[in-house]
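Hi,

Here is the structure I promised to pass on.

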Amino acid sequence: MSSIEQHLLKRLLKGDEEAFAALYRVRHGAICRFALQMTGRKDLAEDITQETFLALALHGNRYDATRGSVMAFLYGIARNLVLKRLEKERPEANETVVEEFAGDEDLLGDLTRRESIDEVRRAVLSLPPAYREAVVLCELGEATYEDAAFALGCPVGTVRSRLSRARALLAKKLTVKCMVL
Amino acid sequence: MSEDRVTEALNALRGADLDIETGPGAEVRALLAFRRQQRRIRFRRMALSLATSAAAAAAVLWLTVPRVQTRITTAPEVAVNEPPPIPPQSQPAVIHKSAAPRRSPAPQAPEEIATDFYPLMVSAPPLERAMLVRVTVRAAAMRSVGLNVGDEHLADLVQADVLVGQDNLARAIRFVSYRNREE
């Protein structure tokens with residue numbers, strides 16, 4: 001898949017519209033999910049997805065195949081766009097979100113219910129961005145640790161430690177009793 | 001909560017989000033945006049290419065003209081009271097006999113004929129002193145002042161007099177040719 005994507009990227013950089021469409025069809029879902037899980041907003045996720053592919057067409061010549069896959073490069077672009085948007089539209093402090101979803105029972109007992117999934121989503125969204133992106137890429141997305149390291153611009157060891165810390169935070173957030181009471 | 005339960009929770013979320021994609025029409029919108037972007041890129045490349053070509057042409061011209069001038073002999077400095085008559089460029093060039101040939105022609109020497117002067121500056125400062133410099137240029141230079149030159153003669157070398165002011169700026173140019181007195 002990776003070599004096909006590299007070939008598509010080469011054609012895309014020459015202005016090939018079909019290559020753009022092909023790459024978009026294959027990868028837009030993953031990028032859209034990443035953006036949605038990072039921001040929690042569908043409209044923003046759609047914007048970011050489009051911007052990601054346009055940025056790939058513009059700056060794709062910076063891609064270095066020896067450092068990772070095209071998908072990881074796409075994740076890296078999307079991640080930068082997400083962080084910019086989050087910086088611009090910082091809604092509320094993370095603690096507020098914690099208070100919103102924190103309950104006095106184990107939420108996983110009823111995970112089949114939609115609300116429970118939404119609560120997990122909110123828990124992920126409440127993580128600090130550095131931990132959130134590690135979870136979204138490696139646990140919710142399709143990225144390997146190496147891909148995540150390439151996308152985040154950090155060593156694989158850092159990805160692992162962030163992931164570990166993120167999981168600990170999630171465990172705490174999903175079981176903690178209501179902190180405001 | 002145990003590690004396994006966290007994994008379970010994340011897996012549940014991943015499963016729920018598996019079908020999430022951009023909305024209908026998003027691919028078309030992205031394609032349209034891609035087309036606009038590519039048009040902008042092509043336009044920028046073309047503009048850059050044109051600018052580079054123009055700069056290169058200007059550089060060649062700048063480098064060529066001084067080199068030609070160093071090869072020619074400079075005519076003696078002459079005092080000028082008023083600028084020479086300069087016809088508007090739209091008028092056809094009139095080749096006429098110079099009233100006073102610049103050089104005293106040797107017997108049987110070909111007769112020198114010259115065009116009118118053509119301005120090289122749009123608004124020139126007053127001319128107090130000037131000198132005529134005889135240069136050799138390509139015939140294409142004649143076309144640049146509006147004279148008719150056949151395409152096959154553009155590369156021919158022709159002689160020209162450049163009127164240089166006291167400020168060392170070229171003010172005007174006339175083209176010179178010779179013909180035998182017998183003609």
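This is a predicted model: local features need pLDDT of at least 70, side-chain atom pairs count only at pLDDT 80 or more; totals for chains, interfaces and linings use all residues.

First, some housekeeping. Residues are numbered from 1 along each chain as its sequence is written, and chains are lettered from A and ligands numbered from 1 in the order in which they are written.

**The two chains**

(Helices are DSSP runs of H or I with at least four residues, strands are runs of E with at least two, and both are numbered from the N terminus.) Chain B has three helices and seven strands, in the order α-α-β-β-β-β-β-α-β-β from the N terminus.

Burial comes out at 46% of the 181 residues in chain A and 14% of the 183 residues in chain B. A residue is buried if 20 or more other C-beta atoms, placed from the backbone, lie within 10 Å of its own; 12 or fewer makes it exposed, and anything in between is partly exposed.

As for contacts (C-beta atoms, placed from the backbone, within 7 Å), take those with a separation of 6 or more. Residues 24 or more positions apart account for 65% of them in chain A and 68% in chain B.

**Helices of chain A**

H1(A), residues 2-13, packs on H2(A) at an angle of about 140°, with the axes 8 Å apart. The axes are lines fitted to C-alpha atoms over the stretch in contact, and angles run from 0 to 180 degrees between N-to-C directions. The two helices are therefore oblique to each other; the other classes are roughly parallel (under 35 degrees), roughly antiparallel (over 145) and roughly perpendicular (65 to 115), with oblique for the rest. Among the residues making this contact are Leu8(A) and Leu12(A) of H1(A), and Phe20(A) and Leu23(A) of H2(A). By class, the contact has seven nonpolar, no polar and two charged residues. (Nonpolar covers Ala, Val, Leu, Ile, Met, Phe, Trp, Tyr, Cys and Pro; charged covers Asp, Glu, Lys and Arg; the others, Gly among them, are polar.)

H4(A), residues 70-88, has 19 residues and reaches 27 Å from its first C-alpha to its last, close to the 27 Å expected. That expected span is 1.5 Å times one less than the number of residues. Its buried residues include Phe73(A), Tyr75(A) and Arg79(A), and they pack against H1, H2, H3, H7 and H8 of chain A.

What about H8(A): how many of its eight residues are buried? Six are, so H8(A) is largely enclosed by the rest of the structure. Asp147(A) and Phe150(A) are among them, and the cover includes H4, H7 and H9 of chain A. Just after H8(A), Gly153(A) takes a positive phi of about 70°.

**Where the chains meet**

The contact takes 33 residues from chain A and 26 from chain B. On the chain A side, H2, H3, H6, H7 and H9 each supply at least two residues, and H2(A) gives the most, with eleven. The chain A side divides into 18 nonpolar, seven polar and eight charged residues.

Cheers

Technical notes: Two residues are in contact if their C-beta atoms, placed from the backbone, lie within 7 Å.
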